[in-house]
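Dear colleague,

Please read them with the coordinates open.

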Amino acid sequence: MQKLKLEDIEFMLQEAKGSLKELQEVDLIDEQTKELILLTKEQIEDLEDMKKEASE
């Protein structure tokens, strides 16, 4: 697998955080939305780990 550049990781991280914010702003959150929020939070954690590794 090709190693991602730090800029790419930062872009994906900002996109994921934006998606999470939009999902959490929904008035009525159904089960699918809850699941998507959890997956997005996991993605953010993974991207933050990747960013940390890439900047070392």
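Turned away from the buried side of helix α1 is a face that carries the exposed residues Glu7, Phe11, Gln14, Lys21 and Glu22, where buried means under 20% relative accessible area, exposed over 50% and partly exposed in between, with a 1.4 Å probe and protein chains only. The model is a predicted one, in which local features need pLDDT of at least 70 and side-chain atom pairs count only at pLDDT 80 or more, while totals for chains, interfaces and linings use all residues. Residues are numbered from 1 along each chain as its sequence is written, and side-chain values use heavy atoms, with hydrogens and water left out.

The buried residues of α1 are Ile9, Leu13, Ala16, Leu20 and Leu23. Seen down the helix axis, these buried residues fall within an arc of 90°, so they line one face of α1; the arc is that of the directions from the helix axis to the C-beta atoms. An α-helix has 3.6 residues a turn, so residues three or four places apart point the same way.

Helix α1 itself covers residues 6-24, 19 residues in total, helices being DSSP runs of H or I with at least four residues, numbered from the N terminus.

Met12 is also found in α1 and, at 31% relative accessibility, counts as partly exposed.

Lys3, in the segment before α1, is exposed, with a relative accessible area of 69%. The C-alpha atoms of Lys3 and Asp46 are 14 Å from each other, although these residues are 43 residues apart along the chain.

Technical notes. Helix = DSSP H or I, 4+ residues; strand = E, 2+ residues; numbered from the N terminus. Expected span 1.5 Å × (residues − 1).
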